[in-house]
Amino acid sequence: MDSFDNHKGIVTPLDRSNVDTDQIIPAEYLKRVERTGFGPFLFNDWRKLPNGKPDPDFVLNQSFYDIGTILVARRNFGSGSSREHAVWALMNHGFKAIVASSFAEIFHKNSFENGLVPVILPDEHISTILDRAAAQPGYQLFIDLNNCEVSDDHGLHVPFVLHQDPSTHDFRRNTLLNGLDSIGLTLQQETKIDAYEKNVRHD
Amino acid sequence: MAGKTMFNKIWDSHIVDDPEGEPTLLYVDLHLVHEVTSPQAFEGLRLANRKVRRPDLTIATVDHNVPTTDRDKPIDDPISKQQVDTLAENVEEFDITFYGVHSPEQGIVHVIGPQQGYTQPGKIIVCGDSHTATHGAFGAMAIPLGTSQVEHVLATQCLLQEKPKTMEIRINGELPNGVSAKDVILGIIGKIGVDGGTGYAIEYTGDVIKNLPMEGRMTICNMSIEAGARVGMVAPDETTFEWLKGRPQVPQGDDFEQITKEWALLASDSDAEYDKVVEIDATELEPYITWGTNPGQVLSVKDSIPDPESFDNAEEKESAERALEYMALEPETPLVEIEVDRVFIGSCTNSRITDLRDAAEIIKGYKVSPKVNAMVVPGSTLVKWQAEKEGLDQIFIDSGFEWREAGCSMCLGMNPDILEPHERCASTSNRNFEGRQGKDGRTHLVSPQMAAAAAIEGHFVDVRDWKLNN
């Protein structure tokens, strides 16, 4: 997993709530057995007209927004299916961070596992960012993961959280900052796993 | 000090490590694997030269991609075939018990886990599938995973997990006639919203739950994720024990008597406190139909399509406008006037034997509307055989339904069972998202009874008014 320190990038505004993972990547594109190659199918059904041509009204088909690296949406982003392919598709496309007022839990977990940074901001700031991005293609945000702050060149400068559970927030931030492999971390506890199997499960 | 919830009892008994400021490391008793969310996990193990720690606690099946028609032919779609073949190779390499497409025990992963008795009270059960909470109906803590976590469990048999808060949803009273378990969960989602359960583990309690058979409890737990909650559970009781008794993986004889005593202790203590309590009066529940493109956009069968202008909240208004455009529906249209092209009875929500009995009772002696293409996809091969033994298959076939082989099928359309663009479907599945059952397809979620009646009439009807023709 790549590490993430801070990132300045163009915003792709997706002014919708409850964006489900079936929209992020429809089921017919889940058949690949690799983690790569999902980018072209990101938001496939929203991106394409019935004739298969790009829908010019969809934000990912519009200039500047198509090269965004920060996707901004409203509440409950990533609801529905557990498919990690949704995170892979977003990252394969080039997104480094998703900014939303809340995330569905499985998507949220999958984001941490892959180093896609989930930025949680209050609705009012989401509205500000969506308005600014809509008014100005190429509008950029700066995400400072060390200090958990989001800013732009127009005076926005606000703190964010990555996780609603304050007790593990710093741990989650550190895994993103350092690109840690969670399996490697757990395997360091192997003696405790052995002990659990022996003493509690009596295996 | 207050007593403990069932959730906390199971959580506490599975802690391997709980360092300050980090997620808890929990031991996993059962890992269910299917073909869609596992190939990259096995590949990750190979790349890191890791093994499956406990192949004996891991089982696999194929369900999402498998055809529901002639199983003797190879899978037409080469990419689906590769995914199915890849799982067969992985279970061989890592020595995992596998129920392949020709196995009598094959079926939807959330149907076969309970069916074979792998699912048991008190276990932590995981699966790379959002509907894993289904197993919580047995008093287990069942948690859905993404592929990276699947790999984590394969390698370590443990899960890193932040502790969710607890929510009790208590459904008091008695279910009215014609109102099913599916309507209970659709009613709950309508009430608390599609993210009302986010951050919580839900325990469903109350007289309605106590009186439901296991299949109904599974239907309710199954759709916890549609309310945002990863975990949904029901306390184990005599109904649970009776259902599990004699199943292949369940202890037999004296061992069974002993283990049921332990299982009985799992229920939440009477003085346990939840972080949140939601009470629902069962007498107010009705048969429901989703009208929009998320499961929270749901109304009683006797209602009409809402006018987006009627929503106070700008976000809900816009969401309703988008949904009605996608669903090609006009405000104020009575739901019973909506005509359907397809009917799908199946999915991990509603494909068990009682679901098929409920649907068959409605259609017996009637013919499917000539405008409608209707199909039944049992949840497992053994459910199919049981239904055939009871003669249900003949009732469906005589009525004009297609009778298929077991799998996920048109719940998500990874196999050839999909809606054509703009087709409208009454479906017993769990998601009415845009394109869920096929690009530009339109899905209305309903109970098996409501789906069956819609197949006969060609439009939705209030199943409470249905005249049985037996």
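Which residue of chain B forms a salt bridge with A:E190? The partner is B:R53, and the closest N and O atoms are 3.4 Å apart. A salt bridge here puts a side-chain nitrogen of Lys or Arg within 4 Å of a carboxyl oxygen of Asp or Glu.

This is a predicted model: local features need pLDDT of at least 70, side-chain atom pairs count only at pLDDT 80 or more, and totals for chains, interfaces and linings use all residues. Residues are numbered from 1 along each chain as its sequence is written, chains are lettered from A in the order in which they are written, and side-chain values use heavy atoms, with hydrogens and water left out.

Now take the whole interface. The rule finds 16 salt bridges across chain B and chain A. On the chain B side, α5(B) gives the most, with 7 residues. Helices are DSSP runs of H or I, at least four residues, and strands are runs of E, at least two, numbered from the N terminus.

In contact terms (heavy atoms within 4.5 Å), 64 residues of chain B meet 59 residues of chain A. The two chains bury about 5100 Å² between them, 50% of it on carbon and sulfur atoms. Buried area is the accessible area (1.4 Å probe) that two parts lose on being put together, summed over both. In chain B, the residues that lose the most area to chain A are B:Q40, B:E162 and B:K439, together 13% of what that side buries.

Finally, look at B:E284. B:E284 sits in the loop between β12 (276-281) and β13 (288-290) of chain B. Its C-alpha atom is 9.5 Å from that of B:G187, 97 residues apart along the chain.
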